[in-house]
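These are my notebook entries on a structure that I had not examined before. I set down what I looked up, one topic at a time.

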Amino acid sequence: MKNFVSMKHYSKHELLQLIKLANDIEQHGIQPFNQQLFAANLFFEPSTRTKMSFVVAQRKLGLEVLDFMSDVSSVKKGESVYDTAKTFESIGASLLVVRHPQDNVVHQLANQITVPIINAGDGKGEHPTQCLLDLLTIYQEFEKFSGLKVGIIGDIKHSRVARSNAYALSTLGAKVYLSSKTEWQDHSLPYQYIDIDDAVEHCDVVMFLRIQHERHENQASNDHYLEKYGLTAEREKRMKPHAIILHPAPVNRGVEIADELVECNRSRIFKQMTNGVSARMAVIYRLLEGGGITHEKPINQRKAIISK
Amino acid sequence: MKNFVSMKHYSKHELLQLIKLANDIEQHGIQPFNQQLFAANLFFEPSTRTKMSFVVAQRKLGLEVLDFMSDVSSVKKGESVYDTAKTFESIGASLLVVRHPQDNVVHQLANQITVPIINAGDGKGEHPTQCLLDLLTIYQEFEKFSGLKVGIIGDIKHSRVARSNAYALSTLGAKVYLSSKTEWQDHSLPYQYIDIDDAVEHCDVVMFLRIQHERHENQASNDHYLEKYGLTAEREKRMKPHAIILHPAPVNRGVEIADELVECNRSRIFKQMTNGVSARMAVIYRLLEGGGITHEKPINQRKAIISK
Amino acid sequence: MKNFVSMKHYSKHELLQLIKLANDIEQHGIQPFNQQLFAANLFFEPSTRTKMSFVVAQRKLGLEVLDFMSDVSSVKKGESVYDTAKTFESIGASLLVVRHPQDNVVHQLANQITVPIINAGDGKGEHPTQCLLDLLTIYQEFEKFSGLKVGIIGDIKHSRVARSNAYALSTLGAKVYLSSKTEWQDHSLPYQYIDIDDAVEHCDVVMFLRIQHERHENQASNDHYLEKYGLTAEREKRMKPHAIILHPAPVNRGVEIADELVECNRSRIFKQMTNGVSARMAVIYRLLEGGGITHEKPINQRKAIISK
């Protein structure tokens, strides 16, 4: 693995290996890297959850964290994403984590920059580490993917999470259904659209998406959204006994999911967050172990000048 | 101690123990925690002094620091304080330090969240770690509280510092006086209001409060404030020989205190800042040692997955 | 060395020592300090490159980093730079790195504050660590300064980089030429102005300056700037065979330098960034070793209370 940019790039075997590594890290821990390495988090969009999850993952692996703030930075001076990334590489970063509002920027960077790049969300493209944490959560619940029915429900069109999950779940043998109001459907994705009530009743995993108000030109009205397209208490009662609820968060409580269901027995929403740390540790570990730094050899002589 | 939210919760004995622990840490140091733990600093109001003081305290205790910026975060996406706090707990924080512009938010959180919470200032409520550093400063000077006269002077009504100090100093046996212009008096506090000139002449400790311009609807005019209600050079001459000057800072120089007095012999204003680090170390230590992490046992298995 | 504020303060011998220390650190590394020390980065102007370069340098030396954000801080409450700096000193910082939009602020601070101060850019004054990394880059190329012709080209008047470099290069025995359009010339500097074409043809080092749009009252028009005053592909062909290109970055691609030349064989622009880390490590090391902390003695008992 050189970069971690799209879930499309991985086979069933590779995905399972990554999920199992994440699960193993969560259960047994892992030795931090044995030399001083720097990770740069380049978030060109605001983020709490994802960025903080990466920071915890990085610190648990013993990495130093460089926090780039696009709003107080050279971006104001008109610097390109490429030049920013190259700058961080030049000052010694061994890993770049990049979020960007445009769909293709992270893919481009991955071809231009030498050090590994993790896509932390690119426009309406993908969000592969969020996907991996979802997969980990499903795996911990069912210990398999093949034959599982997963409903992805909500704002499909604007959701990078939906895209990454649909690709990976299909690869893993799950049956993916989409559910969305008409104007939020994306027919470039080769999956069946079904009614919210069917999705809730027949799926083993119901994954609600956040309404991305910040991505909509006209602020979508929330009027009756919950009743029409969200998880009401009434719908929850019709879920299969073992079925679970996922949401990438932050939840618009009372919009995608009824307030009182956010922390109900079926909900794995906060467990997803916990899993996010292990999932990201697994990805970072895989990207950096290739450089040999887990086996006492420096990934790059230039970057290891301190430790003697 | 589960949380550190209000000075009202502590007995004289508990306060003295905390002050002495802080003093001991300042003089002799203390061993950092022996495992990797994360503290999250959730400041929903801007802060330099308090936040940086917490960071130094946390790093001296060996804690990892997660820095939440409310202005570049999910708060913009409408997330509640509870969901933000729960997120940090989910990704592995063992301690939350919370500042919030509303009076009751931190108290509520303390009842909802499992990990310890420190109130770093809540609206016009309390600011207990600022209080503790004031107590430490007074203790280092006088080695007692009983019988001391302490004048708290200025914008009482909008000051969480005044509130925390008045509670704790009374508990410790000091005699608290308040001094304020009429519109800034708070008569819910059971302490005597006296004239600024009386306060300055008779008190052993004169504690000036910052004018919280940012909390006033109409920007208060500073015209003649110093002469009428502040510490002029002339008033300083009438202080008792051993009396000291405190201020939570940042000082509006020439408003609450004459510029040239900010670093005069009686002033403990920068000593207060130094003491803030030890005071916060003491609080954090007390909150986390309960989890056993000072005695080689992990506070929470889930959070200690790395060290093997 | 007590502070690092201006390149005017150093003799040829001192500069060479510093350059060689930086070069040595880059090639062989250096032991981190053996105690917990805090560095505070006080940037009153936005910065990515310089700030991040300092952070990497500080972490490689084992320093803790306190990151001050002027836009979310007490500065909003009207606090002076002096009081901010004194606050960081009071909470335990052993080193302050200061960038400020006004020319004289850092010099003043250096006289008022006890702990060492590094000037990370002050208005149109100086930027000595940027200068040191330029010197290191030139030294690595030519292994000498005396007799070298260095052309500093562009917005001289608004450039602190130009000023620091002109002083230091002269001290080191290089011949400094300036090239600028008329309104950006600064005739207080005692160096000869020459035409851009002469500079490019005759200099061993051509150092282009960034157009500081953010410092100009009227946004300067970039129309034909490259053709008139910048490095075109045509001009690059007329450079001496061994001559190199420097730029403090971020480059306005296609304005100061043709896009395709930014990473050409002659360009040392990204190498400069890499060198920035070593240069800053050398400066920090020199400033702090004076306190004895490289020889097992604490620089200040008060600041070393933890480690036993």
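Predicted model: local features only at pLDDT ≥ 70, side-chain atom pairs only at ≥ 80, totals over all residues.

**Entry 1: helix 1 and helix 10 within chain A.** I looked up how helix 1 (residues 12–28) of chain A lies against helix 10 (residues 269–289) of chain A. Their axes come within 8 Å and cross at roughly 115°. Angles of 65 to 115 degrees count as roughly perpendicular, and helix 1 and helix 10 of chain A are therefore roughly perpendicular to each other. I recorded the crossing of these two helices of chain A as right-handed. Helix 1 of chain A contributes A:Leu18, A:Leu21, A:Ala22, A:Ile25 and A:Glu26 to the contact, and the residues from helix 10 of chain A include A:Lys271, A:Met281, A:Tyr285 and A:Arg286. Sorted by class, the contact of helix 1 with helix 10 of chain A holds eight nonpolar, three polar and three charged residues.

**Entry 2: helix 1 and helix 10 within chain B.** I then turned to chain B. Here helix 1 (residues 12–28) and helix 10 pack at an angle of about 115°, with their axes 8 Å apart. Helix 1 and helix 10 of chain B are therefore roughly perpendicular to each other. Their crossing in chain B is right-handed. On the helix 1 side I listed B:Leu18, B:Leu21, B:Ala22, B:Ile25 and B:Glu26, which meet residues of helix 10 of chain B, among them B:Ser278, B:Ala279 and B:Ala282. The class count for the contact of helix 1 with helix 10 of chain B is eight nonpolar, three polar and three charged residues.

Entry 3: At what angle do helix 3 of chain A and helix 10 of chain C cross? I found roughly 45° for helix 3 (residues 81–90) of chain A and helix 10 (residues 269–289) of chain C, whose axes come within 8 Å. Helix 3 of chain A and helix 10 of chain C are therefore oblique to each other. The crossing of helix 3 of chain A and helix 10 of chain C is right-handed. From chain A, A:Asp83, A:Lys86, A:Thr87 and A:Ser90 meet C:Phe270, C:Met273 and C:Thr274 of chain C. By class I noted two nonpolar, three polar and two charged residues in the contact of helix 3 of chain A with helix 10 of chain C.

**Entry 4: the interface of chains B and A.** The size of an interface is often given as the accessible area lost when the parts come together. Between chain B and chain A about 2500 Å² is buried, and carbon and sulfur atoms give 58% of it. Four salt bridges are found across the interface of chain B and chain A. I looked up B:Glu64, which forms a salt bridge with A:Arg59; their closest N and O atoms are 2.7 Å apart.

**Entry 5: salt bridges over all chains.** The count over all chains comes to 60 salt bridges. I examined B:Arg163 and B:Asp186, whose side chains meet in a salt bridge at 2.6 Å, N to O. This pair links distant parts of the chain, 23 residues apart: B:Arg163 is in helix 6 (residues 160–171) of chain B, and B:Asp186 is in the loop between strand 6 (175–179) and strand 7 (192–193) of chain B.

**Entry 6: a cis peptide bond.** B:Ala249 and B:Pro250 are joined by a cis peptide bond with omega about 0°. B:Pro250 is in the loop between strand 9 (244–246) and helix 10 (269–289) of chain B. For B:Ala249, I noted a phi near 60°, a positive value in a residue other than glycine.

Definitions and conventions:
Residues numbered from 1 in each chain as written. Chains lettered and ligands numbered in written order. Heavy atoms only, no water. Axes fitted to C-alpha atoms, helices over the stretch in contact; angles between N-to-C directions. Helix = DSSP H or I, 4+ residues; strand = E, 2+ residues; numbered from the N terminus. Parallel < 35°, antiparallel > 145°, perpendicular 65-115°, else oblique. Left-handed = near helix turned anticlockwise from the far one by under 90°. Contact = heavy atoms within 4.5 Å. Nonpolar A, V, L, I, M, F, W, Y, C, P; charged D, E, K, R; others polar. Buried area = accessible area lost by both parts, 1.4 Å probe.
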